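Colleague: I have a model open and would like to go through some of its side-chain contacts with you. Could we start with the polar ones?

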Amino acid sequence: MRQKLIAGNWKMNGLTEPGLSLAEELAQRMHRAVELNDPEPPNCDLLLCPPFTLLAPVWSALAGSGISLGGQDCHTEISGAHTGDISAMMLKDAGCTHVILGHSERRQDHGETDAGVKAKAQAAVEAGLVPIVCVGESEGERDSGSALSVIAGQVAGSLPSLVTGEEAVLAYEPIWAIGTGKTATPEDVAEVHGAIRALIAERDGEAAASNLRILYGGSVKPENAEALMATADVDGALVGGASLKADDFWAIAASCP
């Protein structure tokens, strides 16, 4: 059984307050759940990915809670003359365990390619981080019937060939569902996640079946989380806006069966 992962992507949101207060509240809820079983601890792993400026205070707030910390991007190099960038090793040094890579907003806003995402993912693994590699189709690509072929190309081009299921996470985020309020149906999600798992099985059947986690992202909220988390081959969620509210994020985590 693959343990589900609920990851909060804060994107470019949050100053010290209320970001620090949000992290502290979630940490307190985890402490109460684990120590007092009130409420019952969520049946999943939890991860917060704040902007770079909040990594240090959020890491301190989460200490001892069991909630992990992640970054939102990294460079391919360990260090060097790359003004404005941050390396995977720096994220590791800041307390991160994961890093989101290849998000559609990065691909669109910064022209990131599959090859570039693959190089970043390799750098993350070498630094001891787990890359969360994002893939997803546009609304036009879905309407034209090419969604699965587009995603297959992204998976093949963005995930390092020797990376195993324990070393990486994949996240399916249909571009048309990110921040729009639209959500793919459980049937559509199951089809895509099943196709992704089949692609990985061609590389490593055991990893695909036992430990490769495939998250769904795209307007995940408490109202639809239970149905999505019960969908075949869905191993958690990459949550955007709802991760900025403690009640919503906790409710999504609590929806994991």
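Predicted model: local features only at pLDDT ≥ 70, side-chain atom pairs only at ≥ 80, totals over all residues.

Colleague: Where does Ser158 lie, and is it buried or exposed?

Modeller: Ser158 is part of helix H7, which covers residues 147-158. Its relative accessible area is 0%, and the residue counts as buried because that value is under 20%.

Colleague: Which residues does Ser158 touch?

Modeller: Leaving aside residues up to four places away in sequence, Ser158 touches Arg107, Asp114, Val117, Lys118, Ala121 and Val133.

Colleague: And what separates Ser158 from Ile214?

Modeller: Their C-alpha atoms are 14 Å apart, and the two residues are 56 residues apart along the chain.

Colleague: What is the make-up of the lining of the second largest cavity, by class?

Modeller: The lining has five polar, three nonpolar and two charged residues. Helix H4 (104-110) and strand S5 (130-135) each contribute at least two residues to it.

Colleague: What about Glu112, where is that?

Modeller: Glu112 sits in the loop between H4 and helix H5, the latter being residues 114-126. With a relative accessible area of 14%, Glu112 is buried.

Colleague: Which side chains make polar contacts with the side chain of Glu112?

Modeller: Arg106 makes one with Glu112 at 3.0 Å, and Lys120 makes one with Glu112 at 2.7 Å. Not counting residues up to four places away in sequence, Glu112 touches both of these residues and also Asp73, Gly102, Arg107 and Val117.

Colleague: On to salt bridges. How many are there in the whole structure?

Modeller: A search finds 16. One of them is between the side chains of Arg2 and Asp235, at 2.9 Å from N to O. This pair links distant parts of the chain, 233 residues apart: Arg2 is in the segment before strand S1 (5-9), and Asp235 is in the loop between helix H10 (222-229) and strand S8 (236-239).

Colleague: Are those two partners buried or exposed?

Modeller: Arg2 is buried, at 18% relative accessible area, and Asp235 is buried as well, at 3% relative accessibility.

Colleague: Which salt bridge does Arg197 make with Asp235?

Modeller: The side chains of Arg197 and Asp235 meet at 2.6 Å, N to O. Arg197 is in helix H8 (residues 186-203), and the two residues are 38 residues apart. Arg197 counts as buried, at 9% relative accessibility.

Colleague: Which residues are joined into one network there?

Modeller: Salt bridges with shared partners join Arg2, Arg197, Asp233 and Asp235 into one network.

Colleague: Tell me more about Asp233. Where is it found?

Modeller: Asp233 is in the loop between H10 and S8. It is partly exposed, with a relative accessible area of 24%. Asp233 also has a positive phi of about 70°, although it is not a glycine.

Colleague: One last item. What do the side chains of Arg29 and Asp247 do?

Modeller: They meet in a salt bridge of 2.3 Å, N to O. Arg29 lies in helix H1 (residues 16-36) and Asp247 in helix H11 (residues 246-254), so this pair ties together parts that are 218 residues apart in sequence.

Colleague: And their burial, is each one buried or exposed?

Modeller: Arg29 is buried, with a relative accessible area of 13%, whereas Asp247 counts as exposed at 51% relative accessibility. Asp247 falls in the exposed class because the cut-off is over 50%.

Key
Residues numbered from 1 in each chain as written. Heavy atoms only, no water. Salt bridge = Lys/Arg side-chain N within 4 Å of Asp/Glu carboxyl O. Helix = DSSP H or I, 4+ residues; strand = E, 2+ residues; numbered from the N terminus. Buried < 20%, exposed > 50% of the residue type's maximum accessible area, 1.4 Å probe, protein only. Nonpolar A, V, L, I, M, F, W, Y, C, P; charged D, E, K, R; others polar. Polar contact = N/O pair within 3.5 Å; in protein donor to acceptor, adjacent residues only side chain to side chain. Contact = heavy atoms within 4.5 Å.
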